Amino acid sequence: MTLAAGGMLLEATGIHKRFNALVVLDGVDFSVRANEAVGVVGPNGAGKTTLLSVLVGAHAPTAGTVRLRGQDVTALPTAERCRRGIVRTHQIPRPFSGMTVFENVYAAARHGGALGRDAAYARAAESIATTGMVGVANRRAETLGLIDRKRLELARALATGPTALLLDEIGGGLTDAEASELVDVILELKRRGLAIVWIEHIVHILLRVAERLVCMDAGRVIADGAPDKVMADPTVIEAYLGGGAG
Amino acid sequence: MSASPAVVVERWTRESRIALAVAAVAAILLALGPLWLSANLVDRLTTLFIYVILAVTWNALVGYCGLVSIGQQAFFGLGAYFAVRLADSGVSVYPSLFLAAIIVGALSLPLSALMLRLRGGEFAIGMWVVSELAHLLVNLDTLINGETGTSLIALNAYPIDARRALTYWCAFVAMGGLLTVVFFLLRGPTGSAIQAIRDNEQAAESIGVRVTRAKRTIFVLAAFGGGLAGALWVATAVTFQPKTYFSPQWTAYMIFMALVGGLGTFEGAILGAVVFFAIEAWFGGAGVWYLVGLGAAALVFALALPRGLWGWVEDKTALRLLPVGYRVRFLRAHGATEAPPSETGAA
């Protein structure tokens, strides 16, 4: 299951995605190594979330391939990719409202983690503890506030036992203190060896985790490298920071 | 109940054990029904058992899996049709009731490949179309005589008392079997998968739930249940007129029972069937006004008690008689102390 740190984990090449006439991804190459933390920034509409959806299989690319540990998984459905270790969280949390927090997380452990009952109980409990949700474990998810919904997204993803965790603006809408708390959890997951791909507009919290930064604009990758270099890149400043977005 | 180092998961509670014991006693008494109950009561209970089958399977489909269908009468009608067809071809009449349901379940499998591509309202209406189509196809069979219909004449071979008792026992076994299957299905991994799908299909997929497989399981189960109910109904009514059996009224009854009892609660569907049965027994003679009252009651429940009678009880008391969910207690959790007991539905 595990790869030596630094081995190529997830690799997308030549990704094009069109929705009818609208070109959302226009030849994107993107990769993440085992245990690497990559931040993805870019103005709204740059194609960041669509790229994430292509990586997990929620959208089929119009052209291009996605490989997991060298294996072509482009045609593999989302659930199967999850079972092989790629999982995402959603920008707008999507809790299973009628189920309790524990039931939400248990479902992830049982299905995505492909665990038996007792192992899934243990995994779910561990994920709930890691994300600080012990106190609300028996609450129906529909009664949760935003921060707990974000934590639940994280707990559920974690319970699937991923090797790559793809986060879509998990800090959005949170106060600095709340976001910072989530960063601590994410850093802990990175310490445990997970690869992390994180789309985020709140750059300063992203920089606490990301070792590499990818900037997208209009469906293309316009910069990819060390965070300080990318943030200083004139194209990035023009497209993103200077462009009035975010 | 099961333990891992940090957490205790409670599934059975003291109340649920008592409830199960009461249910077991009731089951024994009911199993002996024809030996000690009046003929009229035996007939009425047979009807109730069929209602429970309809309510529980529709609730599994809609309340737990979120697949709202207004075409379940397709399976009800087909179940009755195949029972008549099989009995006419020489199959012993009582086994043919169960065989008919198996055929309906088997037919629903290829049908699921088409129908489960549809979402939401498209699926709901699509199922109605399927039921109309099934109705028309059944009418092509000359045995049925078009809308004139036919009868399950093989039943005439049995004396009236034996027939009453046998039909009762078939309905009782069918209900008991389906309740058991649905209960354990909901408690198992399929239960957690379909509830996740109901609440958010894409999120379910992204955490590894095999969506189509789970939906298909419930779709086929609901078709089998509908088919069984239809076959049993024709055994009580004897006559088979396609228009009666393929009527959307059956699905309306299912909706009423699940809605009033508590959509998405296991106990609720059973309670809903009992409530519907009682209302019908008391007011069924009132003709049109009975139907008007039924509709009005459903409306009032949808507005005032959206989680139905049992959902309301659950929210108020946290009572679980036949629990399909999970309650957890954390013993020691990475520095955290015990979880405060928090109630489902706390606002």
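Colleague: In which order do the strands of the open sheet of 6 strands in chain A stand?

Modeller: Reading across this predicted model, the order is β6-β7-β8-β3-β9-β10, and the pairing is mixed.

Colleague: Why is one side of β6 and of β10 left without a neighbour in the sheet?

Modeller: Look for strands with a single partner. Here β6 and β10 (220-225) of chain A stand at the edges with one partner strand each, so each has a side without a neighbour in the sheet. From one strand to the next, the twist averages 15 degrees.

Colleague: How many bridges join β3 to β8 in chain A?

Modeller: Strand β3 (residues 37-41) and strand β8 (residues 195-199) run parallel and are joined by 4 bridges. Within that pair, A:Val38 stands opposite A:Val197.

Colleague: What is the strand order in the open sheet of 4 strands?

Modeller: In chain A that order is β2-β1-β4-β5, with antiparallel pairing. At its edges stand β2 (22-33) and β5 (71-72), each with a single partner strand. Strands β1 (residues 8-19) and β4 (residues 63-68) pair over 5 bridges, and A:Leu10 stands opposite A:Leu68 in β4(A). Helix α1 (residues 48-56) packs on this sheet, touching β1, β2 and β4 of chain A.

Colleague: Now the two chains. How many residues does each bring to the contact?

Modeller: Chain A gives 39 residues and chain B gives 39 residues. On the side of chain A, the largest share, 7 residues, comes from α3(A). Sorted by class, that side has 18 nonpolar, 11 polar and 10 charged residues.

Conventions: Residues are numbered from 1 along each chain as its sequence is written. Chains are lettered from A and ligands numbered from 1 in the order in which they are written. This is a predicted model: local features need pLDDT of at least 70, side-chain atom pairs count only at pLDDT 80 or more; totals for chains, interfaces and linings use all residues. Two strands pair if DSSP finds at least two bridges between them. Helices (H or I, at least four residues) and strands (E, at least two) are DSSP runs, numbered from the N terminus. Two residues are in contact if their C-beta atoms, placed from the backbone, lie within 7 Å. Axes are lines fitted to C-alpha atoms, for helices over the stretch in contact, and angles run from 0 to 180 degrees between N-to-C directions. Ala, Val, Leu, Ile, Met, Phe, Trp, Tyr, Cys and Pro count as nonpolar, Asp, Glu, Lys and Arg as charged, and the others, Gly among them, as polar.
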